[in-house]
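Dear colleague,

Please find below the structure that I am handing over to you. My notes on it follow directly after.

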Amino acid sequence: PDQRIAEDTRNFTRESLRITVHAFDALLQFTLNVAVLWSISHLLTWSLFGFSGMGTLLLIIASRKLVKINCDQLRYEADFRYGLVHIRNNAEAIAFYAGEGPEKAESL
């Protein structure tokens, strides 16, 4: 469990840094591209804003279920790891009381 916590912390830190750097990069590119587009055509700039806004809205609506699925997946994995640690810590008692069947049913 301690290794898993360390791994989760490392992944969280890495992803947080990656998201921050990508957000800054995207903001910089956005600003420069809008400046160039604005100098070319105001109508084209507003049309592209509308198009990208609709695409963003569509992606937000479509991805709501994916967030829930990812959260459920992480919860199932955590429950499974807990069950494995429980079996490992109580292996002697499980074997002594012939509790292999109930533990196997519970772990699946």
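Phe 30, Trp 38, Trp 46 and Phe 49 are linked into a cluster by ring pairs; rings of Phe, Tyr and Trp (its six-membered ring) pair if their centres lie within 6.5 Å, and planes under 30 degrees apart count as stacked, over 60 as edge-to-face and the rest as tilted. The model is a predicted one, in which local features need pLDDT of at least 70 and side-chain atom pairs pLDDT 80 or more, while totals for chains, interfaces and linings use all residues. Residues are numbered from 1 along each chain as its sequence is written, and side-chain values use heavy atoms, without hydrogens and water.

By this rule there are four aromatic pairs. One of them is the tilted pair of Phe 30 and Phe 49, with 5.9 Å from centre to centre and 50 degrees between the planes. This pair links distant parts of the chain, 19 residues apart, with Phe 30 in helix H1 and Phe 49 in helix H2 (helices are DSSP runs of H or I, at least four residues, numbered from the N terminus). The planes of Trp 38 and Trp 46 stand at 80 degrees with the ring centres 5.9 Å apart, so this pair is edge-to-face.

Trp 46 is exposed at 54% relative accessible area, whereas Trp 38 is partly exposed at 38% (buried means under 20%, exposed over 50%, partly exposed in between, with a 1.4 Å probe and protein chains only). Thr 45, in helix H2, is buried at 2%.

Yours sincerely

Conventions. Helices (H or I, at least four residues) and strands (E, at least two) are DSSP runs, numbered from the N terminus.
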